[in-house]
Structure formats: C-alpha cells, structure tokens
Amino acid sequence: MSDVLEMAAVSVVRGAKTLLDKVDWQVKEGERWVILGPNGAGKTTLLQIAAARIHPTSGMAGILEEILGAVDVFELRPRIGLSSAALANQIPEHEKVLNVVVTAAYGVTGRWREGYERDDERRAFALLNEWGMGPLLNRPFASLSEGERKRVQIARALMTDPELLLLDEPAAGLDLAGREDLVHRLSELARDEAAPAIVLVTHHLEEVPPGFTHAMLMRDGGVVAQGPIDSVLTAENLSETFGLPLDVSASAGRYTATARR
Ligand SMILES: Nc1ncnc2c1ncn2[C@@H]1O[C@H](COP(=O)(O)OP(=O)(O)O)[C@@H](O)[C@H]1O
Ligand SMILES: [Mg+2]
C-alpha cells in the first residue's frame, strides 16, 4: 500500500448522481499534488475522502496506511491537516486568530474550554509567525482580510503536525497580490523537505505553486490524467479537462492557460 494515499476504484454516489467514478490514486511521502478540474468535477468530494470526512460508496480508500472503514476516524483525522471553505465557515466570527489555530489540536472550531497546554499555544504562535500572522494573533478572525484568513487556515491545518496536508482552493477569493503571496508561500512549503505530503485543489492553472511534483486532472467525477506534473499539464489534457481548446504555457514553474482562437 502507498504510504500516504492509496485509492482503488473509489466511487461516491448520492441518489442518482455519481460524484466520483472509480478513482484510482496513489500518493507517496514527499509528493506535492495539485488537483485541477472545472466546478463540479468531484475535487472536493475526493478531498473529503482523503480527509476521512466521508466514506466511499464503493472501492477502497487507504489513508496513512489505514483502511477507511476499518479505522477509528477520530484517531486518523488529527494526522491530516485540512483547509477548506466549509471548515472556515464554522469558525465563529469573534474567535481570536491564535485560538483559531490552537483549537485544531483538539479537533474543534470555537474555543470551548480553557486550559490549553502552553506548548500548544507556543506551537500555534510559531506557525502564525511562519505564515506572517504573528502580529495579528489577538485579532478576531472576522476582521482579517481574505488573504490573512487563508494564511490562518493553513497555519491551523498544520497545527497537529499532520502527515498529509489537504488544501481545497486556498487561493479562492484572493486579489492578485494576495494570490501571488500565497503561491509563493506554498511554493516554499512544497520545497521544505520537512513538510508533509500536500494535495492542493484549484480550478486555476495560475495557482499551481512551483515545486509541486504531481498533478491530477478531473472531469465529471473521473480522472482525465494523472502523474508527474509536466507530463500531465499539457494543452491536450487541459483542453479535454475543461472542455475547450486551450493553449498552455509554462515559465519558471508557473503555468498559464488561454482559450485557443
Ligand atoms: N450530497 C450531494 N448530493 C448530490 N449531488 C452532490 C452532493 N454533493 C455534491 N454534489 C454534486 O457533486 C458534484 C461534485 O461536487 P464537488 O466534489 O464539490 O466538485 P468540485 O469540488 O470539483 O467543484 C457537483 O455537481 C455537486 O453539485
Ligand atoms: Mg470544490
């Protein structure tokens, strides 16, 4: 079994709709994956399986050498860092930035009990500093800019020192400066050998950070292509994925796609 993720014929069906259709996927330690595809392709659904938040309808999902369905998910989840819009929406407006990060150690949002260990606070503070948020640790989460919020969410996802980091559209809603700052930070994280395996979901090719090693392209719940990033992010594959003829260019590890005229 692959050490980080091992999915075999994973399907998710809800009513008459197939959200994921027999997905095979392996992620190994040290790999940095980007998952690209249009809205509705099934990216978030796949990430929710990888995060042990939902179970496949059929197929096998191995996560960190445990089989989903045969493991206590409450023991598995702290080993996985997750940042998503759904999770961000659960953070109470007045929650202080430091608490948004500290509470990840207890798998909750909202600081509902006192008496956190000093070590946890120190770790949360160190992570906030790394992500340029140290000076804002006492600010209410709701008062932050969108870019600041994204950085706090990533610091939170890293709080439990996870073996797998899952980022669902971390650059969504950012302006150009905010996006470029985040892409740069994620690129540095990708190149940090001490960082966990990373899976980043996006529908914008421009958001792929340099240093990511692998890519998966999804459409209609299925995989169009997957493998080493350069072999996957081609004009042909991306045109098929997004359903329109695209020109793709790459420069200094950054990718751009434009419609072919
Ligand atoms: N509980 C559900 N029941 C039916 N359809 C769903 C459910 N959850 C998601 N979907 C649909 O499944 C598709 C895939 O969703 P999602 O994984 O969120 O895609 P993506 O993240 O790639 O945009 C979408 O068309 C979405 O509307
Ligand atoms: Mg999504």
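Q: How do strand S3 and strand S8 pair?
A: Strand S3 (residues 32-36) and strand S8 (residues 197-202) run in the parallel sense and share five bridges. Strands are DSSP runs of E with at least two residues, helices are runs of H or I with at least four, and both are numbered from the N terminus. Two strands pair if DSSP finds at least two bridges between them.

Q: Where do these positions come from?
A: This is a predicted model, in which local features need pLDDT of at least 70, side-chain atom pairs count only at pLDDT 80 or more, and totals for chains, interfaces and linings use all residues. Residues are numbered from 1 along each chain as its sequence is written, while chains are lettered from A and ligands numbered from 1 in the order in which they are written.

Q: Which residue in S8 does Ile35 stand opposite?
A: Ile35 stands opposite Val201.

Q: And what is the strand order in the open sheet of six strands?
A: The order is S6-S7-S8-S3-S9-S10, and the pairing is mixed. Strand S6 (80-83) and strand S10 (222-228) are at the edges; each has a single partner strand, so one side of each lacks a neighbour in the sheet. From one strand to the next, the twist averages 15 degrees, with axes fitted to C-alpha atoms (for helices over the stretch in contact) and angles from 0 to 180 degrees between N-to-C directions.

Q: Changing topic: what is the pairing in the open sheet of four strands?
A: The pairing there is antiparallel, in the order S2-S1-S4-S5. Strand S1 (residues 5-14) and strand S4 (residues 58-63) are joined by five bridges, and Leu5 stands opposite Ile63 in S4.

Q: Which strands does helix H1 lie across?
A: Helix H1 (residues 43-50) lies across S1, S2 and S4, at about 55 degrees to S2.

Q: What about the core: which residues have the most contacts inside it?
A: In the largest nonpolar core, which has 74 residues, they are Val101, Ala155 and Leu166. Such a core is a set of buried Ala, Val, Leu, Ile, Met, Phe, Trp, Tyr and Cys residues joined through C-beta atoms within 7 Å. A residue is buried if 20 or more other C-beta atoms, placed from the backbone, lie within 10 Å of its own.

Q: Which residues does Ala155 touch?
A: Leaving out residues up to four places away in sequence, Ala155 touches Val101, Leu127, Leu128, Trp131 and Met133. Contact requires C-beta atoms, placed from the backbone, within 7 Å.

Conventions. A residue is buried if 20 or more other C-beta atoms lie within 10 Å of its own, exposed if 12 or fewer, and partly exposed in between; C-beta atoms are placed from the backbone. Two residues are in contact if their C-beta atoms, placed from the backbone, lie within 7 Å.
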